Amino acid sequence: MTYLSETDPEAYDILQAERTRQRSTLNLIASENHTTPGVHEATGSVLSDKYAEGHPNDRWYRGCEAVDRAEQLAIDRAKSLFGAEHANVQPHSGSTANTAVYLAALEPGDTLMSMDLAHGGHLSHGLETNYSGIFYKVASYTVSRSTERIDMDAVRDLALKARPRLIIAGASAYPRIIDFDAFGEIAREVGAYLMSDIAHIAGLVAGGAHPSPLPASDFVTTTTHKTLRGPRGAIILCRRQYARRIDAAVFPGLQGGPFMHEILAKAIALADAAGPQFAQYAHQVVANSRALAETLAEKGWRLVTGGTDNHLMLVDLRSRDEELTGHVASGWLDEAGIVCNKNKIPFDSRPPSQPSGLRLGTPAVTSRGLKEAQMRQLGEWIDQVLSSRGNADVIAKVRGGVKEMCEEFLAPNQRADRPDSATPARR
Ligand SMILES: Cc1ncc(COP(=O)(O)O)c(C=O)c1O
């Protein structure tokens, strides 16, 4: 019995449906994770009720003593975890954090340079229908056709030609290490700022499983809810000299009141990420990603760039099945309890709604405690479902195996002693 089950059965039913879905499926969406009890406690807390426009100890509202402490704690922990001179922990999302950097560093009409969305970039890096592409000129770099990796010589050539004021390093669907130092050198050569967007890999950076962008970058943005395993939201890190511009760009430039419950949860996640267990987690995410990639490659599924160095991989479905699209493949896997997303692969000839690839990532399953042996099993299941072209019997058999694995490996918030794990009261 919970408050909602008594007072609003309709809302309660939605909550339970999502709890059941998460508990009984394996999540390979590279941008998602299962957060900790601490993060849940803070996000569902009284801090949600507090307005605190401004910055710690400089607010428009009274009653901010506790939330001032929350924000200062998050700032201090972010600076210490990443070795940054300044941190702003207020951005509601990764897109807002990126937009705040543009507002702080660019004039409308300036040129920014970023990775093409179709090659792994993010829509907030200059998509023509996004704020970034509407207000700024955009020069896009792609991966190399032969290696499918970022070609730093080509990036430099483009930077010399386009003369951007801001270069963005960072991606949503790139399976290899990003050479932030090389980006930094190019930015300095052409007189551009470097913004590194580590939304996807922040947890790997924190855990020492990916090189840090901090030394090379003027600005670093990250979401807190992907590999970093915190609440929805984002953080901006920057050099001290840009602190005031960044703070003003976030508030009042883009946002009103900060979400104090999310900010306390960010502080909690940042402390978690500083511990030795998190370093182990980050390395396990990569080891799991490699084990899954190897299993799929052994079965003949071609991976973009041939493999992975990080938490994700892109499967080129055409390598085994010329007709198969990411849309159809992700639907079959979803029926089998394996959740992922369709994705374009570099130089994809198909439209974004029917792309040729799947993006698979390991942050969430690693939070459940899965290791290499389970990843190999998962690779077998994925191969069985796709090779059978979604055969109902194969899907049913795999679904059974997935369910068993899910019950054996529960994320901390799904364990039986947590209220979140309650079985549905109404079905
Ligand atoms: C590289 C990158 N930057 C920014 C974002 C935007 O984050 P949000 O969805 O919180 O706006 C994402 C989201 O997936 C991302 O992958």
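Is Arg389 buried, exposed or partly exposed, and how many other C-beta atoms lie within 10 Å? Arg389 is partly exposed, with 13 other C-beta atoms within 10 Å; a residue counts as buried if 20 or more other C-beta atoms lie within 10 Å of its own, as exposed if 12 or fewer do, and as partly exposed in between, with C-beta atoms placed from the backbone.

The close-up views below show a predicted model, in which local features need pLDDT of at least 70 and side-chain atom pairs count only at pLDDT 80 or more, while totals for chains, interfaces and linings use all residues. Residues are numbered from 1 along each chain as its sequence is written.

**View 1. Backbone angles at Arg389, Arg229 and the Phe251–Pro252 bond.** Most residues other than glycine have a negative phi, and most peptide bonds are trans. Arg389, although not a glycine, has a positive phi of about 55°, and this residue is found in the loop between helix 15 (372-387) and helix 16 (392-408). Helices (H or I, at least four residues) and strands (E, at least two) are DSSP runs, numbered from the N terminus. Arg229 likewise has a positive phi, near 65°, and sits in the loop between strand 9 (219-223) and strand 10 (234-238). Arg229 counts as buried because 26 other C-beta atoms lie within 10 Å. The peptide bond that joins Phe251 and Pro252 is cis, with omega about 10°, and Pro252 is found in helix 10 (residues 243-254).

View 2. Strand 12 (residues 312-316) is joined to strand 15 by five bridges and runs antiparallel to it, with Val315 standing opposite Leu358. Strand 14 (residues 341-343) is joined to strand 15 by three bridges, again antiparallel; here Asn343 stands opposite Gly357, and Lys342 stands opposite Leu358.

**View 3. The two covered faces of strand 15.** Strand 15 (residues 357-361) is mostly covered, five of its five residues being buried. Gly357, Arg359 and Gly361 lie on one side and Leu358 and Leu360 on the other, and the residues of both faces are all buried.

View 4. In soluble globular proteins, nonpolar side chains tend to be buried together. The largest nonpolar core has 119 residues, of which Ala78 and Ile167 touch the most other members; such a core is a set of buried Ala, Val, Leu, Ile, Met, Phe, Trp, Tyr and Cys residues joined through C-beta atoms within 7 Å. Leu166 belongs to strand 7 (residues 166-169) and counts as buried because it has 21 C-beta neighbours inside 10 Å.

**View 5. The shell around the ligand.** Among the 15 residues around the ligand, Ser93, Gly94, Ser95, Ser172 and Ala199 come nearest; a residue is near a molecule if its C-beta atom, placed from the backbone, lies within 6 Å of it. Helix 5 (residues 94-105) gives the most to this shell, with three residues. By class, the shell holds three nonpolar, 11 polar and one charged residue, where Ala, Val, Leu, Ile, Met, Phe, Trp, Tyr, Cys and Pro count as nonpolar, Asp, Glu, Lys and Arg as charged, and the others, Gly among them, as polar.

**View 6. The contact between domain 1 and domain 2.** The chain is divided into domain 1 (3-32 + 276-421) and domain 2 (40-273), with bounds that come from an automatic or database domain assignment. The contact takes 28 residues from domain 1 and 26 residues from domain 2. On the side of domain 1 that touches domain 2, helix 12 (276-298), strand 12 and helix 14 (363-367) each supply at least two residues, and the largest share, seven residues, comes from helix 12.

Conventions
Two strands pair if DSSP finds at least two bridges between them. Two residues are in contact if their C-beta atoms, placed from the backbone, lie within 7 Å.
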